[in-house]
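Colleague: I have a complex open on my screen. Could you show me how to read it?

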Amino acid sequence: MAIWRFDAIGTRWEIEGDLDGSDRSAVSEVIERFDREWSRFRDDSAVTRLGSVGGVLESADAAPMLDAYAALSSATAGAVNPLVGASLEALGYDAAYTLAAGAALAAPAAWSEVVAWNHQGLTASAPALIDVGALGKGRLVDLVFSALARVPGDLVVDAGGDMRVRGSSVRTALEHPFDATKAIGVVELQDAALCGSAINRRAWGDGLHHVLDARTGRPVRTWAATWALGAQAMRADAIATALFFDGGPALAADWGVEWVRMATDGKVERSAGWTGQLFTTRP
Amino acid sequence: MIRTNVPQSVRTASALVGVAGLFVLAGCSGAADAETDKGAGTDSSSSSSDSGSGTYADGTYTADGSYQTPETVESISVTLTLADGKVTDVEVTGDPQAPETEEYQSKFIDGIADEVVGVALDDLKVSRVSGSSLTSGGFNAAVESIKEQAAS
């Protein structure tokens, strides 16, 4: 099957399926719109504007994403927070990739008092730097997947390892977070989404990476990698983030998402319903 | 009074203990008149603003504390030795990197603490790989630039 590869939103995409020119145009439009609205790495994005002056961001994605953030924030006791943008910038993960870490900065705990949302979009009552990194890529995978609903046959939408598939089963490796030539397990995906998160890429110094605890503004250190498998990519992506904290497993159970996570010391845990194979000392 | 006579080694330890949030000196020598400091500030014990009028019995004191980090519940144990009213020895034990062992009991979690054994991707018939998202362009270039600066 044809594989269409391109770079967008800072990662490498692969779309496998019987796409024609208009399908590709539809995908490009969806990605461009999402990026223009939600990318913290663009000067001209709506999110960047909200970060400097506040105001309104019109987007149909606001309600699904912020509703999910509310659930994440509640489940993790505030460790996941959509206003973590300034915390990431404080550590150097900013639009210019300065990667010069300053003092850690906690995200505003009362984020839901600063940001309000409905089906039309969201409003920031004060300048607030939103970062949808906990689930935005999953949301975009779902949007692209929907845009390709009329493509016949098998379909794989893979955004740098976060993916959603339809049709034939896709055998997928769980990449070892400390050795990208190895896997810690494999899982068969069928009409499902799998999202992973790990601290090995998007890392720029000793203990500096992009998975932060919003309450402290510091990178996490207990869990090295997480994977979540569900019906939708956005929820799988969200759970993959939540699994870096206490409360992640409970939310996963609530949402019917199965998961695996690996600690920085090499131990792994999985949900009771995880069906994939794990390569461990006690298989 | 401990606060007025702390040598540097104690200041260092105090920062650690401060993280514990709850620092209670439990005298091993019975009803020690060690001060109980429940301040949760991260460096409350290293403050030197208090007067130096208090006295402590010489001896060895141990304090145990536990605290919730974003990801774990950590425990720590600190032992101080006092001689002539001054701290002469400090020992801090604990494993601040320990995974959240309590969590393993959770009903949502299966597969307790199995150790990973990586298998080479080349040996697996897989069509996809999932892990941390691949990075592209700008980020990788920025990291390379930093490495070069650090090396020069």
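Modeller: Start with contacts: two residues are in contact if their C-beta atoms, placed from the backbone, lie within 7 Å. In chain A, take the contacts with a separation of 6 or more; 60% of them join residues 24 or more positions apart.

Colleague: Where do these coordinates come from, and how are things named?

Modeller: This is a predicted model: local features need pLDDT of at least 70, side-chain atom pairs count only at pLDDT 80 or more, and totals for chains, interfaces and linings use all residues. Residues are numbered from 1 along each chain as its sequence is written, while chains are lettered from A and ligands numbered from 1 in the order in which they are written.

Colleague: What secondary structure does chain A have?

Modeller: Helices (H or I, at least four residues) and strands (E, at least two) are DSSP runs, numbered from the N terminus. Chain A has eight helices and 18 strands.

Colleague: How do I read a sheet?

Modeller: Look for pairing: two strands pair if DSSP finds at least two bridges between them. In chain A, three strands form an open antiparallel sheet, in the order β3-β5-β4. At the edges are β3 (55-58) and β4 (115-118) of chain A, each pairing on one side only. β3(A) pairs with β5 (residues 121-124) of chain A over four bridges.

Colleague: Which residue of β5(A) stands opposite V56(A)?

Modeller: T123(A) does.

Colleague: Which helix packs on this sheet?

Modeller: Helix α3 (residues 62-75) of chain A, which touches β3, β4 and β5 of chain A.

Colleague: And how far can I trust chain B?

Modeller: Check pLDDT, the predictor's confidence in each residue, from 0 to 100. Chain B has a mean of 55, and 18% of its residues reach 70 or more. Confidence is lowest in helix α1 (residues 2-5) of chain B, at a mean of 32, and highest in strand β9 (residues 128-130) of chain B, at 90. Over residues 1-53 of chain B it stays under 50. Where pLDDT is low, the predicted coordinates should not be read in detail.

Colleague: What scores does the complex get?

Modeller: The predictor gives an ipTM of 0.82 and a pTM of 0.73.

How values were computed:
Axes are lines fitted to C-alpha atoms, for helices over the stretch in contact, and angles run from 0 to 180 degrees between N-to-C directions.
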